[in-house]
Amino acid sequence: MATDPYILFEKAEKKRASSRFLEAIPLYLTSKKLAKDTGLKTACHFSLGDVYRMVGDFERSIRSYRAAHDLAVKSKDVRLALDSMVGQGLALRATGNFKEAIPLFDKSLRWYRLHDDTEGVAFTLWARAGAYRIKGDLASALKGFKESQKIFARMRDKSGVGYCFTGLGGASRVAGRPLDSYKYYIEANRIFRTFKDTFGTAYSYCGVANSMRMRDDFKGSLAYFRKAKTNYRKIGDKVSYAYTLWGEGSAYQMLGKNSLAAKDFREAEKLFKITKDRRGLVYCLLSVSQIEFAKDPKKGIRLAKEALRKALSLNLGVEIRYAKKVLETMSKHPEKLPLNLA
């Protein structure tokens, strides 16, 4: 292996660009260890923050971004310091911690706007919109994604546009607009496949599958969930893979295939625990509660109440609404179970 830290860093960057995140990590770590100058060390920390986040190792991601931020502040690299704050926000957002993430995005956004940093503005608007979606503020999420998409379009950044479409697809689905969601995800998938973006392709396949599931095309959705799983396996993204398993399990559940659904939910739960994704665990609890309710109503209700408590403790607007709906249905209209949660 080459021992020049700059060469190692460039090799890692190429791996990252092709979504080979697990292969990039040891290259970045070695480059950081060998680096003599602060600039390269800072870049390694920042890129490690990115790749750790992409594979679902959010604790290491946050530590790496913070290290990059501290070094950037010492070297008076304001732009990289703010980029590192946005990275921290993304890692916090991924665990459902929008309360800490949104202020980081707001602070960075003010600086980017003050200094006419168009790329920084577009990316941070996209990042913040995703945090608003997790918060349950869907109006702000949709507005933010649309604003970001317009800026990326003016910049002719098609990849940025694609990621805005995935954001719009997710927010539209949760807002009860599955057809809009489908259209956004299909367009995003076309863009990502053109650019051979493995992560974006997997993400949009999962989105297409979920939008089909919400339109009651459960069998059709399973084919797209399989495509998403195949791509996520290539890059080692535990969290996105877990959400794909949950979506697939939900489709099986709606088809009455509870044994297959339960298997997916168990596997998703394990991954959510590993990555400390508390929002994902709420979804698993809600889904499993409905399976258990058919066998033991008291146990099903207990699990749904546990999901509601966790959602309330995290202030997750959408998931609180889902948990209340599941409990209400168990109490008043059990014949309508299972519910097809977005």
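So, how much of the protein, out of its 342 residues, counts as buried? The share is 57%, where buried means under 20% relative accessible area with a 1.4 Å probe, protein chains only.

A quick word on the model. It is predicted, so local features need pLDDT of at least 70 and side-chain atom pairs count only at pLDDT 80 or more, while totals for chains, interfaces and linings use all residues. Residues are numbered from 1 along each chain as its sequence is written, and side-chain values use heavy atoms, with hydrogens and water left out.

Okay, overall shape. We've got 17 helices and zero strands; these are DSSP runs numbered from the N terminus, helices being H or I of at least four residues and strands E of at least two. The radius of gyration is 20 Å, close to the 20 Å from the globule rule for 342 residues, so the protein is as compact as a globular protein of that length. That radius is taken over C-alpha atoms, and the rule is 2.2 Å times the number of residues to the power 0.38. The C-alpha trace spans about 65 × 40 × 40 Å along its principal axes.

Now the inside. The largest nonpolar core has 107 residues; a core here is a set of buried Ala, Val, Leu, Ile, Met, Phe, Trp, Tyr and Cys residues joined through side-chain atoms within 4.5 Å. Helix H7, residues 118-135, gives the largest share, nine residues. Which members touch the most others? Leu-286 and Tyr-322. Beyond its neighbours within four places in sequence, Leu-286 is in contact (heavy atoms within 4.5 Å) with Tyr-322 itself, and also with residues including Ala-304, Val-326 and Leu-341. There's a second, separate core of six residues, Tyr-65 and Leu-80 among them.

Leu-341 turns up again in the lining of the largest cavity, alongside Arg-213 and Ser-287, among others. By cavity I mean a set of points on a 1 Å grid over the protein atoms alone where a 1.4 Å probe fits but cannot get out; a pocket is an open set with protein on both sides within 12 Å along at least five of seven lines, and lining residues have an atom within 4 Å of a point. This cavity holds about 30 Å³, and H13 gives the most to its lining, three residues.

Last stop, the second largest pocket, at about 270 Å³. Of its 17 lining residues, those closest to the centre are Gly-56, Asp-57, Phe-58, Glu-59 and Thr-275. H4 supplies the largest share of that lining, three residues.

Methods: Grid points are joined across faces, edges and corners, and a volume is the space filled by probe spheres set on the points. Buried means under 20% relative accessible area, exposed over 50%, partly exposed in between (1.4 Å probe, protein chains only).
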